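The questions below concern one structural model and are answered from its coordinates. Please read them with the display open.

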Amino acid sequence: MPVKTRQSAALERKKFFADPVMIVTIALLIVLLALFILYPLAMLLLDSVYVRNTNLVPLESVQDRTAQIPYAEDGTIRILNNKGKEAAVSLDGIDGAFGYLFAKNGRVYKEGDELKAGNVYVKVQENHLTLDAFPRIFADYTFNRAFYNTLLLGMITGFGSVIIGLLFAYVDCYVNVRSRVTRKMFDVVSMLPVVSPPFVLSLSMILLFGRGGLITRELLGIYDSDVYGLGGIAIVQILTFFPVCYMMLKGLLKNIDPSMEEAARNMGASRMKVFTTVTLPLMLPGLGNAFLVTFIESVADFANPMMIGGDYDTLATTIYLRITGGSYDTNGAAAMAVVLLGITLVLFLIQKYYLEAKTAATLTGKASRARALIDDRSVRLPLVTACSLLSAFVIMMYVAIPFGALFKLWGRDYSLSLKWFNQLFRDDGFKAFTDSFVLSLIASPITALLSMIISYLVVKKRFRAKGFIEFVSMLAMAVPGTVLGVGFIRGFANGIFRTGVMQGIYGTGVILVIVFVVRSLPVGTRSGISALRQIDKSIEESAYDLGAGSAKVFVSVTLPLIKDSFLSGLVTTFVRSITAISAIILLVTPRYLLITCRINEFAEKGAYGVACAYATILIAIVYASIVVMNFCIKHFGTSKQVRIKESE
Amino acid sequence: MTMAGKEKKGVRLEHISKIYKDPKTGKDFYAVNDVSLDIAPGSFVTLLGPSGCGKTTTLRMIAGFESPDAGEIYLGSDPINALTPNKRDTAMVFQSYALFPHYNVYDNIAYGLKLRKVPKKEMDERVARILDLVELTGMESRMTNQLSGGPQQRVALARAMVVEPGVLLFDEPLSNLDAKLRVSMRTEIRRIQQTLGITAVYVTHDQAEAMAISDNIIIMNKGVIAQMGTPEEVYYHPKSEFVADFIGEVNFLEGVVSAADGEGCVVSIQGHPVRVEKADGFAAGQACKVVLRPEAGILADSGDIPCRVVLSCFMGAYQNYHVMVGDTLVKLADYCPAGRRVYRVGETAYLSFRPGCVNML
């Protein structure tokens with residue numbers, strides 16, 4: 001019997017609607033994602049193409065109907081009064097419509113004023129869509145340079161990070177490092193930049209290699225060293241981002257089956273030949289992937305170019321300066337933000353939908369057994385030495401920070417004192433720490449829970465808006481903080497769609513928390529999704545089958561099973577939020593003092609001692625929260641149950 | 001112990017179809033095609049078939065994880081098509097057991113009872129009773145991953161049964177166990193099901209398991225029901241080559257019906273007439289196939305069909321023969337060969353059928 005109409009879709013719909021909690025959750029998620037991710041970006045886009053101008057039009061040309069304005073059929077035109085309100089005014093009586101008539105300089109003619117012939121104008125509101133802003137900004141020297149600078153920096157950082165990342169990954173997976181201390185050092189180095197506030201390396205770069213730098217001036221006697229500019233940013237960015245590449249590439253190298261390389265060796269290839277003909281080609285999509293990820297990070301980075309860029313402006317800093325500086329070119333700044341967003345978005349899409357799939361396709365197999373590590377001195381010594389030197393360098397950069405806070409006056413007086421810490425707390429330092437701490441603390445459970453719910457829905461449920469939810473929550477990863485910040489200003493400063501609705505959140509802590517959540521959501525969601533993919537779907541099905549609704553399944557089964565991911569989401573959000581700067585610096589108001597903004601302020605003023613004191617305490621907080629997280633995962637996490645099994 | 005006060009429910013499927021899209025070709029195909037079933041309350045029914053035959057899909061439709069594209073499913077007398085799995089009076093035992101790794105044995109079993117808001121005292125009693133039934137008393141506080149396969153399976157079984165569902169569903173529950181455990185667990189499942197008198201639908205691809213455990217077997221192939229019946233019926237009277245082949249070893253001998261009466265008929269195989277009992281519906285002159293199970297053939301110095309031995313191999317419980325009847329290879333198993341004549345390769349022997357053990361297609 002052939003089936004005429006398929007009832008399964010209807011039945012699925014019925015079953016779906018029998019679950020009100022899930023529907024409400026999904027609806028809520030869609031609203032939240034649309035409101036806080038899509039809407040600000042859409043407003044930004046709109047701003048870049050939508051022009052609202054008020055033009056002064058000579059009265060004579062209006063009256064003889066030669067002006068380029070829309071005339072209504074009933075003989076009226078829409079013009080603005082002195083309060084900026086638009087109204088329809090009849091053409092016949094227009095020369096008596098006081099309040100609607102202006103002089104060239106904008107002065108309003110009042111009742112009784114004499115209308116000076118040739119100096120009477122009406123104000124016409126002009127709304128139209130135009131792409132003018134784009135040619136304009138591309139013709140703009142500042143923008144042009146920033147655009148070029150950004151891409152060049154992205155390239156250098158991308159290549160540099162991939163190469164160093166590959167070096168570390170190769171040494172980690174292929175070379176017998178022998179010394180456990182060295183290995184431990186690699187671990188520390190790979191973790192440090194990930195957890196550190198974004199500009200710490202810039203700060204120590206200035207302290208160590210700047211004009212008054214400890215190394216350049218005191219050790220090498222160079223008095224005119226200049227770290228500001230491309231070189232400085234590139235070094236700092238590479239040191240910040242290469243650990244990401246290292247971790248990504250390490251994952252890939254672990255998946256290469258050693259027998260492939262052994263087969264090549266066996267057929268007579270040298271180690272170098274094996275690397276160039278087997279390992280490298282297999283890694284190629286993965287390297288591309290790592291390159292793009294770093295490129296996006298570099299392009300989106302705000303703090304480092306801000307601090308150490310000097311006059312090397314990137315898009316992110318240029319946009320910031322446009323917004324905060326005197327020339328309030330909304331249209332232009334919006335267009336720049338759109339260009340920056342365009343770059344990251346395109347790269348993100350290539351990375352996520354093309355390279356990631358390709359990487360997975362070339363390296364699917366698991367390594368069948370452990371790889372025989374290279375013990376050859378001629379390979380081991382140079383590689384391990386290179387890695388060790390780099391690690392030592394990074395560690396030195398971090399060590400410089402607390403000393404920057406402890407030395408009396410960097411560059412002059414290297415005696416220890418607590419005066420910078422004292423100044424910090426005498427100032428409003430304490431408020432900065434509580435504000436940052438509290439706001440981040442509020443954001444982290446919200447983000448962790450939201451991302452777990454999103455991952456649950458994406459991995460375990462079937463419904464129509466699923467693709468939308470997944471895409472939008474991942475999209476935030478591709479949006480540079482500066483762009484998001486501008487979007488939030490444009491979207492919420494005058495309320496939603498300039499109606500004043502929700503205007504109340506602008507300038508408050510609420511909007512800061514929302515930005516924290518949006519910025520960390522993709523990270524949490526990604527970790528949640530990969531954790532959930534590993535859980536047999538029948539575990540949840542059996543709970544469902546035994547009578548639990550979706551909400552109950554999530555709370556009693558799913559969440560406990562991905563507790564680790566939830567906990568790390570909590571801490572990751574906290575860490576990312578408390579160290580965030582790019583979007584926040586555009587949205588923060590004097591009501592809230594945030595540590596990162598304070599560091600930026602002091603560093604800009606050249607008050608490196610206080611900046612270092614802030615940074616030192618911040619690093620301590622971040623480190624402490626990670627220690628707490630690891631403790632929690634160890635003692636309350638899901639892995640505890642797994643460990644019981646292992647110990648038997 | 002039986003399910004006191006609880007009405008046993010049957011399951012009825014009326015013209016159920018399920019269409020899937022083939023992920024490779026993008027074409028639609030019937031995973032389940034117009035399947036109708038009536039499972040009596042309290043009976044144990046097995047859905048048996050090769051992988052991809054639609055048996056698991058059928059089971060998942062009964063549980064509510066999949067929605068049928070056509071037809072209606074009844075539990076007792078209620079249509080349940082539009083009910084979500086948590087609103088259906090079914091409980092499933094999963095292939096992977098799907099135990100909650102973050103709960104101990106007690107909490108795993110009590111999960112469904114908690115959802116049904118059973119008072120604590122009654123819950124304790126019911127869990128204790130079911131633990132006794134699956135012989136896991138004393139294991140309440142163990143974490144499930146501290147148990148090995150067999151006990152995990154029992155916990156899964158207990159967790160499904162303790163809620164006293166209208167129907168118990170099994171999705172290849174024994175396929176992750178080793179061979180020996182599989183045999184003892186299937187006896188166990190059968191014992192417990194009969195103790196409780198619960199309706200059970202059981203999916204497996206293992207025909208021995210199906211025969212050992214079921215009141216009725218439903219053999220599925222390519223989304224349709226190939227045959228239903230008791231284990232004896234499907235074994236001795238398969239209605240198609242597929243069924244005959246799927247259930248146990250089988251030989252097909254081609255022949256022509258030379259005479260037929262109400263009781264049986266005479267078939268001429270390679271010119272040698274053989275009498276087959278209980279084969280009606282055949283007329284003289286019709287081509288047919290005789291379905292011969294290896295143990296239903298007898299080799300002797302005299303008999304119906306002459307054949308040549310091409311393989312003779314001692315297997316312990318039986319002597320395994322391959323013989324050629326004309327150009328057809330026939331596999332035979334001669335049980336308890338001790339004390340009887342054993343034919344060697346190259347010898348000629350005569351093949352006869354055990355009365356009542358042979359079927360015709």
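Two residues are in contact if their C-beta atoms, placed from the backbone, lie within 7 Å. This is a predicted model, in which local features need pLDDT of at least 70 and side-chain atom pairs count only at pLDDT 80 or more, while totals for chains, interfaces and linings use all residues. Residues are numbered from 1 along each chain as its sequence is written, and chains are lettered from A and ligands numbered from 1 in the order in which they are written.

Q: Among the contacts in chain B with a separation of 6 or more, what percentage comes from residues 24 or more positions apart?
A: The C-alpha atoms of chain B fill a box of roughly 75 × 45 × 45 Å along the principal axes. Its secondary structure comes to eight helices and 20 strands (DSSP runs, H or I of at least four residues for helices and E of at least two for strands, numbered from the N terminus). Of the contacts in chain B with a separation of 6 or more, the share from residues 24 or more positions apart is 67%.

Q: Which helix of chain A supplies the largest share of the side that touches chain B?
A: In the interface, 31 residues of chain A are in contact with 32 residues of chain B. On the chain A side, helix 1 (8–17), helix 21 (537–545), helix 22 (550–561) and helix 27 (639–647) each supply at least two residues. The largest share, seven residues, comes from helix 21 of chain A.

Q: How many residues of the side of chain A that touches chain B are charged?
A: Ala, Val, Leu, Ile, Met, Phe, Trp, Tyr, Cys and Pro count as nonpolar, Asp, Glu, Lys and Arg as charged, and the others, Gly among them, as polar. On that side of chain A, 13 residues are nonpolar and eight are polar. The charged residues number ten.

Q: What separates the centres of domain 1 and domain 3 of chain A?
A: Chain A is assigned domain 1 (49–130), domain 2 (135–410) and domain 3 (426–647), with bounds from an automatic or database domain assignment. Taken over C-alpha atoms, the distance between the centres of domain 1 and domain 3 of chain A is 51 Å.

Q: Are helix 2 and helix 4 of chain B roughly parallel or roughly antiparallel?
A: Helix 2 (residues 105–115) and helix 4 (residues 149–161) of chain B pack at about 30° with their axes 7 Å apart. Axes are lines fitted to C-alpha atoms, for helices over the stretch in contact, and angles run from 0 to 180 degrees between N-to-C directions. Angles under 35 degrees count as roughly parallel, over 145 as roughly antiparallel, 65 to 115 as roughly perpendicular and the rest as oblique. Helix 2 of chain B is therefore, relative to helix 4 of chain B, roughly parallel.

Q: Which residues of helix 4 of chain B meet helix 2 of chain B?
A: From helix 2 of chain B, the residues taking part are B:Val105, B:Asn108, B:Ile109, B:Tyr111 and B:Gly112. The contact of the two helices divides into five nonpolar, two polar and one charged residues. From helix 4 of chain B come B:Val155, B:Ala158 and B:Arg159.

Q: How are helix 25 and helix 26 of chain A oriented to each other, roughly parallel or roughly antiparallel?
A: The axes of helix 25 (residues 595–605) and helix 26 (residues 608–636) of chain A come within 8 Å and cross at roughly 155°. The two helices of chain A, helix 25 and helix 26, are therefore roughly antiparallel.

Q: Is A:Ala290 buried or exposed?
A: A:Ala290 lies in helix 11 (residues 271–300) of chain A. Not counting residues up to four places away in sequence, A:Ala290 touches A:Val162, A:Gly165, A:Cys245, A:Met248 and A:Leu249. A residue is buried if 20 or more other C-beta atoms, placed from the backbone, lie within 10 Å of its own, exposed if 12 or fewer, and partly exposed in between. Because A:Ala290 has 29 other C-beta atoms within 10 Å, A:Ala290 is buried.

Q: How many of the ten residues of helix 13 of chain A are buried?
A: The buried residues of helix 13 (residues 315–324) of chain A include A:Leu315, A:Tyr320 and A:Arg322. Helix 13 of chain A is mostly covered, and its buried residues number eight.

Q: What is the phi of B:Ala98?
A: Most residues other than glycine have a negative phi. B:Ala98 lies in the loop between strand 6 (90–93) and helix 2 of chain B, and B:Ala98 counts as buried because 23 C-beta neighbours lie inside 10 Å. Although B:Ala98 is not a glycine, its phi is positive, at about 50°.
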